[in-house]
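Here is a friendly walk through some packing features, with the cut-offs given along the way. Please keep the sequence and the model open as you read.

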Amino acid sequence: MQFHHYGYVSGDPRVQPAAGAGLNRPQELPDEVDVLIVGTGPAGMLAAAQLSQFPNVTTRIIERRPGRLAIGQADGIQARSVETFQAFGFAERIIAEAYAITEMAFWKPDISDPSRIVRTARTPDDPAGISEFPHLIVNQARVLDYFAEYMANAPTRMVPDYGYEFQGLEVADEGEYPVTVTLLRTAGPNEGQERIVRAKYVVGADGARSKVRQAIGCTLAGDAANHAWGVMDALAVTDFPDIRTKCAIQSGTGGSILLIPREGGHLFRMYVDLGEVDPGDKGAVRNTTIEEIIAKANEILHPYTLDVRDVAWHSVYEVGHRLTDRFDDVLPEDRGIQTPRVFISGDACHTHSAKAGQGMNVSMQDGLNIAWKLGHVLEGRSPESLLSTYSEERQVVAKNLIDFDKEWSTMMAKKPEEFANPSELEDFYVSTAEFPAGFMTQYAHSMLVGTADHQALASGFPVGKRFKSAPVVRVADTNPVHLGHHATADGRWRIYVFADAAVPQAGQERDYGASSPAELFAKWIANSPESPLAATPSDADPDAWFDVKVVYQQPHTDVDIGKVPAVFKPQVGPFKLTDYEKVYAADPAADIFELRGLNRCGVVVVVRPDQYVANVLPLTAHTELGAFFAPLLHHQVQAAVPSA
């Protein structure tokens, strides 16, 4: 973590200097904003947190509640989300307070006495080592708290505007602030009064009953499984031995339980199977009492008993799977012609069961996807056409999620005798581990994702998938680190240069490798007018928009950092201090070139601000790299982006 760019910092380094919209930030919601986010759920808060890093963008996030969420319904945090938390700087803290899932136990009817359940299998949660981060359980409210803290400490000093409910909007064909939003005060001295706010863009993250979705004419389409589940967060005394282990429990009576231990010890969540629901039920099953849910849980757990002492929260829901046809306000016939102005994310776009633990996680990736794109467009880095990629990318992800959840929730509701194979449930859990961990997303070829023509040069970094970190050694201070962990949520593109076999060493001339592909690439990207770095404002730090790093194949002791090309050691801040934290060497104990299938002739891996691989190219493909970025950049932008 670096924080002395502007001089010595003696306080909390997580509090960044205020800048732009964060200077003299008005307490009251202004009449005009660049981005108005509706809803402080996971999608909205992550979007706000990302946009809080763009000082020149005025972003406000509103919430109809009078204050923070106290108890959230979601609790499963997949490893991909923890990777994202690392970029926002709070992964270590949330891991420390969360419950980490290391394995899952499967319970089924005893063959000799089907009225009793017995443990039949244990499966590791991540047997393939998909991520270095764990699968966590922690209350949604705490996740939102961390994002709120991050926003408040960011350059824009953003805090939610509570007590505002979205009523409707209109989008004009022209004007600097074309979206007129009508709000209603729901708390405070002006409760009941209407308020008009004009915005350049609106992000609706206002849940399954989204009024923003209704305002742009989108509807959720799908079906219900006519199956109900009771869910409770409880404190209990029990003789069930796996009460602190994630479990899938199937009983001889036909009922099932998904047991999720919660953070803090003692607390656990149970999804209790309430059985099939008559299509004519008209929601009556939702009146099932907590006493009935507890009784059903005891029936399924036999011969074990559950003495519930306290219930923190409970609910009854029917499984439903629904998806919108688009994630923005542009109709299909206007796609490519009209610029989207209103976007929806999270539950406003997709609803499904809670048992796959995907809702909060996928919603956060929705928010991250749209937020950095809005930041780039509003700060003049990229053209408005970038915004059309949001709906194109995220709708496919939501469709895949719903398909997966349909299969998983259907299997969870099956009776033991309905399985063709006794181990079918646990086999499915293991074989699909990459999906619930959040790593199956692979964006298709677009203006943001190149082709896979050179994929063989970096087989471990599939184009369109998230950048999978690996150990390296930082040359300057000899520290072993994870390469991906240095990528913070600052809105920058990452360009990783995995060098060829030549290495800058003491005793060599400055042009040690005049014919070295890595040296030639360094000269091109630093000096060519076709380089993406040429778009960086002249009065900004040279790495303000692009974070260019190099990884050498040799041990760190063989690299003379004084002879490393200057583009990998930019001078930053008002004192023009040298940044030494962009030069790495392979870790002999875990060689990144071997781990990620990197060609020893060298390769360039381009990574988007949201951590997805955008392109893989040879070190010699200068023109190809310039052509990839050309439609994404406005060259020679006038206004600089203040460095945090």
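## Cysteines, helices and rings

Cys247 has a relative accessible area of 0%, so Cys247 is buried; buried stands for under 20% relative accessible area, exposed for over 50%, and partly exposed for what lies in between (1.4 Å probe, protein chains only). Cys601, in contrast, counts as exposed because its relative accessibility is 58%. The number of disulfides in the structure is zero, where a disulfide is a pair of cysteine sulfur atoms within 2.5 Å.

A word on the basis: this is a predicted model, in which local features need pLDDT of at least 70 and side-chain atom pairs count only at pLDDT 80 or more, while totals for chains, interfaces and linings use all residues. Residues are numbered from 1 along each chain as its sequence is written, and side-chain values use heavy atoms, without hydrogens and water.

Let us turn to the helices. Helices (H or I, at least four residues) and strands (E, at least two) are DSSP runs, numbered from the N terminus. In helix H1 (residues 42-51), ten of the ten residues are buried, among them Met45, Leu46 and Gln50. The buried residues of H1 pack against strand S1 (32-38), strand S2 (59-63), helix H2 (79-87), helix H4 (140-153) and helix H7 (359-378), with contact meaning heavy atoms within 4.5 Å.

Which residues of H10 meet H12? They are Leu520, Phe521 and Trp524, and their partners in H12 are His622, Leu625 and Gly626.

Now for the rings. Rings of Phe, Tyr and Trp (its six-membered ring) pair if their centres lie within 6.5 Å, and planes under 30 degrees apart are stacked, over 60 edge-to-face and the rest tilted. The count comes to 25 aromatic pairs, and two of them are tabulated here:

| Pair | Centre to centre | Angle between planes | Class |
|---|---|---|---|
| Trp107 and Phe240 | 4.8 Å | 50° | tilted |
| Trp493 and Phe629 | 5.0 Å | 85° | edge-to-face |

Trp493 in strand S21 (residues 493-498) and Phe629 in helix H12 are 136 residues apart. Trp493 is buried at a relative accessible area of 3%, and Phe629 is buried at 1%. Elsewhere, ring pairs join Phe85, Phe88, Phe90, Tyr146, Phe147 and Tyr150 into a cluster.
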